[in-house]
Amino acid sequence: MSVTREWVFFGRLEPRKGIILFVNALNTLSVKGIKLPKITFLGGLSHRFDARKFIEENQGNWKTKIEYRSNFNSLEAVEYLSRDGRLAIIPALLENSPIAVYECLAARIPFIAADTGGTSELLDKKSVEKILFKPNHISLASKLAVHIKELPCPGIKHERLRKSIKVWEQWHGQEHLVSIKKTKSIAVLPLISICVTHYERPELLDQALNSIDRQSYKNFEVIIVDDGSVSDNTLKALKIYEDRYKDRGWQFIYQENRYVGAARNTAARNASGDYLLFFDDDNVMMQDMVDKLVRAAIFSGIDCLTCSSIRFSGVGEPNTAESKLGTQIRFMGPAKAWATKVNIVGDATCLIKTSLFKKYGGYTERYRTGKDDIEFYSKLIFEKVKISYYPDPLYYYRTSKNSMKERNHFQEEGEFRQISPYLKGLDSEDKSLLLFRKQQKENNKAKAAKYKPGIIQKTMRRLRKFVRVKV
């Protein structure tokens, strides 16, 4: 048994982590005249609860040294607790599976903890009896009194926790491993085919192409597909851009207006890269976009990778006087439960293996019908392809009345495209669960829009309100 030199409250200094419970337990011991060891509060401060003020109001009778350690990260906290003579106290009230308990078990730190949530399931049966206390200050005071002079033995993890602890240890020791894998993964940089679709907005296309030209990643080709532009200004501008990038080998392909899905497929057919990167003509890349997507995809083994973006509006490039930045656009990744209702994976901008794109047939081609990209993502999710989402913003997404989304004529058909991959193999009754899922809501909206209260109804409503106020 080790000698107790210090009690350490281990957790954020707020009520849900048990700070009030702990202070009341110390008050209970001090009233009984029990001499307390040094007390340290190891955890961040909360802006909603003034923990220091609360502690200062109660520490008068403790007659011991008090310290605060509020700026430690998790590794520094574990290192601090691992030194001789320190008892970690975890009185958290609302935790189901406290990380602090995992950390103490993994590092063999002596600790006691409140018996809340699933904490008892993390410990061996004998450890439960010795370490846990009921979540009230009397029980905690009794447990502390036992360890005034001697520390308890470190807790023993439950057998089912062996795998979890191993994962925890690997996570906190991964820096060296990550650096090795990262170095190997970028030894050979793959060729990226950047596929840009365009229709009748050359001034925006110019900004998109300039952002591609500024990319830090250099092993790429560019295929621009004009989807049937007819105006003289647009065709003249395209000729200028084609001449500008001729020495770079950028391809300009012209086709009849068949809409964006067909234009993307055309670009993919003319691509030579290992990966395709689809990009709309009204958006603007951040300088490291391609580099970050490629490194992330290779390192993680992802076949299709989308990313977050920053909204902006205006005719100029982002961060200029002619544009205005907006909020970040976030997604949640490939969650089947939501995929039939909302776009969960990302915008049409994505990095995907060329072989995979061809395997699943590319985009379906329906004229002036949107959500071809979401339909394709749904297909990949349904087929359990490795698809994911890069959470940091890597490009600027322009919002305007001239966007493809705003010019989309057949919204209902677009919604059908979104769920069509999930209809595969279903009978007619199961299909109806998806096909009619929004019908009732839309009918209610229509009824609400048609409802116009008459003069009598309005007068009676105001009269009732008047009577309630006066009474």
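1. Phe220 is buried, its relative accessible area being 12%, where buried means under 20% relative accessible area, exposed over 50% and partly exposed in between, with a 1.4 Å probe and protein chains only. This is a predicted model, in which local features need pLDDT of at least 70 and side-chain atom pairs count only at pLDDT 80 or more, while totals for chains, interfaces and linings use all residues. Residues are numbered from 1 along each chain as its sequence is written, and side-chain values use heavy atoms, with hydrogens and water left out.

2. A search of the whole structure gives 16 aromatic pairs; rings of Phe, Tyr and Trp (its six-membered ring) pair if their centres lie within 6.5 Å, and planes under 30 degrees apart count as stacked, over 60 as edge-to-face and the rest as tilted. One of them joins Phe220 and Trp250, whose ring centres are 6.5 Å apart and whose planes stand at 55°, so the pair is tilted. This pair links distant parts of the chain, 30 residues apart, with Phe220 in strand β8 (residues 220–227) and Trp250 in the loop between α10 (232–244) and β9 (251–255); helices (H or I, at least four residues) and strands (E, at least two) are DSSP runs, numbered from the N terminus. Trp250 also counts as buried, at 7% relative accessibility.

3. Phe331 and Tyr389 form an edge-to-face pair, with 5.9 Å centre to centre and 85° between the planes. Phe331 lies in the loop between β13 (323–329) and α13 (336–339) and Tyr389 in strand β15 (residues 387–398), so the pair ties together parts that are 58 residues apart in sequence. Tyr389 is buried, at 13% relative accessibility.

4. Ring pairs also link Phe9, Phe22, Phe41 and Tyr68 into a cluster. Over the face of Tyr68 lies Arg52, at 3.9 Å from the ring centre, a charge being over a ring if NZ of Lys or CZ of Arg is within 6 Å of the ring centre and within 35 degrees of the ring normal. Arg264 lies over the face of Tyr363, at 5.5 Å from the ring centre.

5. Gly85, in the loop between α3 (74–81) and β4 (86–90), is buried at 2% relative accessibility. Its C-alpha atom is separated by 4.8 Å from that of Arg5, 80 residues apart along the chain. Leaving aside residues up to four places away in sequence, Gly85 touches Val3, Thr4, Arg5, Glu6 and Leu151, contact meaning heavy atoms within 4.5 Å.

6. Helix α4 (residues 99–107) is mostly covered, with seven of its nine residues buried. Arg108, which follows α4, has a positive phi, near 60°.
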